[in-house]
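Please look through the structure below, beginning with the overall fold and then turning to single residues.

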Amino acid sequence: MHIEVSDGGPAEREGDWAASGTPDEHGRGLDIIDHITAAHGEHDDPGHAVHWTDVNATA
């Protein structure tokens, strides 16, 4: 199964959301995605970022 989501990124500058946690609280999501998906990545389109993943689905 291929899933894509888009957001308003990439951000022009880091906001309060980035400063609200300690450095060890950032970046864990991609490590989790590495372990549970077949592949994942991202690309920029004009005005937004697109994040995608391929998930092995079984019935």
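**From fold to residue**

The protein chain contains 2 helices and 3 strands, where helices (H or I, at least four residues) and strands (E, at least two) are DSSP runs numbered from the N terminus, and read along the sequence it follows the pattern β-α-α-β-β. This is a predicted model, in which local features need pLDDT of at least 70 and side-chain atom pairs count only at pLDDT 80 or more, whereas totals for chains, interfaces and linings use all residues. Residues are numbered from 1 along each chain as its sequence is written, and side-chain values use heavy atoms, with hydrogens and water left out.

Of the 59 residues in the protein chain, 12% are buried, a term that means under 20% relative accessible area, while exposed means over 50% and partly exposed lies in between (1.4 Å probe, protein chains only). Among contacts (heavy atoms within 4.5 Å) between residues at least 6 apart in sequence, 55% join residues at least 24 apart.

Thr53 is placed in strand 3, which covers residues 48–54, and is buried, because its relative accessible area is 14%. Leaving aside residues up to four places away in sequence, Thr53 touches Met1, His2, Ile3, Ile33, Thr37, Ala39 and His40; to one of these residues, Ala39, the side chain of Thr53 also reaches, with the backbone oxygen at 3.2 Å.

Met1, one of the residues touched by Thr53, is found in the segment before strand 1 (2–7), and Met1 is exposed because its relative accessible area is 59%.

How values were computed:
A polar contact is a pair of N or O atoms within 3.5 Å; within protein, one must be able to donate a hydrogen and the other to accept it, and residues adjacent in sequence count only if both atoms are side-chain atoms.
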